[in-house]
Amino acid sequence: MNSSRSKGRSSRSGKSRRGLGAALVAVAALATLGAGTAQAQAATPQVYVALGDSMASGPLVPPITGPLACGRSTRNYAHLLADQLKVTTFHDVTCSGADTGDMAAPQKLSLLGVDMGTAAPQFDALSADTTLVTLTIGGNDAGLVGVAQDCMQLDPTADSCQKKFVVDGVDKVSQKIEAFGPKLAAVLDTVHQRSPQARVLVTGYGDYIKKGGCWPIVPVLGKDADWLQGGVDHLNSVIAAQSAAHGAEYVDVRTPSAGHDACRAVGTKWVEGFVPTAPAAPLHPNALGEAAYARFIGAHIGG
């Protein structure tokens, strides 16, 4: 009788060991499959191309790379994003002064009035294997930096600069912004044609000056400050609409940059005023701003 019980226990024990062994084999197989999948994903080349103007290139934010006149910083949002994403291949062809016309045609370069040759069409960086494209464009099409410079005013009693740009009730700057819309549409369509598998992200522009301005820290009259930021916001709305209509993702940098405009203290502001207090071009993002934009874009990609 004892022998029979012993055999029963031995049989059950053997079945348990066989069951445990089978489970361990299954777990090992799943682990191997998971590792293989992760390796395959890691092995998939990630090709990132950054297109755009000076908001993307980061002029005067050291260190600089590429053509000097392009003002392309290795601390711009594209470089920081490439490091964050650990992409396989990265092409940054952003360039100061670029507009939509410079996507398909060579861009004439100059520095302090000196001819610096040309930059290749930015579309040349795109290829069929591109997997990610970022684009910031439109500020130069609308001429917003030049308009802001024309609005600089050291006399607080002076007339509004809007008289130069709003004639008989027609806002010439607003007209340029609206005219930019079809140009952006054509750019996005071409990006998709050249890089059909790419995820395309288009950024807007940030918060440059707080409501009512901060004259004389930023020497623009209050009513002009609101009009200028209104132009930026109008441009952002056009960018968002065209992105949605042409298969791209709009990344809002305006909303999260509130409170970091050129009126703020050093270390808080993400864009510089007419007289920079950190290494950056006037009326452009500084290193803090570029880093912030990289975070916003990275969060959008991850989200």
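The disulfide of Cys 151 and Cys 161 has a torsion of about 75° about its S-S bond, so it is right-handed. This is a predicted model, and in it the sulfur atoms of Cys 151 and Cys 161 are 1.9 Å apart. Cys 151 and Cys 161 both lie in the loop between helix H6 (144–150) and helix H7 (162–165), so the pair ties together parts that are 10 residues apart in sequence. Both Cys 151 and Cys 161 are buried.

For anyone new to the term, a disulfide is a covalent bond between the sulfur atoms of two cysteines. The count here comes to 3 disulfides.

Next, Cys 70 and Cys 95. Their sulfur atoms are 2.0 Å apart. The torsion about this S-S bond is about -85°, so the disulfide of Cys 70 and Cys 95 is left-handed. Cys 70 sits in the loop between strand E2 (64–65) and strand E3 (72–73), and Cys 95 in the loop between strand E4 (89–92) and helix H4 (101–104), so the pair ties together parts 25 residues apart in sequence.

Then there is Cys 214 with Cys 263, sulfur atoms 2.1 Å apart. This link is left-handed, with -85° about the S-S bond. Why does Cys 263 count as buried? Its relative accessibility is 12%, and buried means under 20%. Cys 214, at 10%, is buried too.

Numbered in sequence order, the bonded cysteines pair 1-2, 3-4, 5-6.

Last, the cores. The largest nonpolar core has 66 residues, and Leu 135 is among those with the most contacts inside it. A second, separate core of 5 residues includes Cys 70 and Cys 95.

Terms used: Residues numbered from 1 in each chain as written. Predicted model: local features only at pLDDT ≥ 70, side-chain atom pairs only at ≥ 80, totals over all residues. Heavy atoms only, no water. Core = buried A, V, L, I, M, F, W, Y, C linked by side-chain atoms within 4.5 Å. Buried < 20%, exposed > 50% of the residue type's maximum accessible area, 1.4 Å probe, protein only. Disulfide = S-S within 2.5 Å. Helix = DSSP H or I, 4+ residues; strand = E, 2+ residues; numbered from the N terminus.
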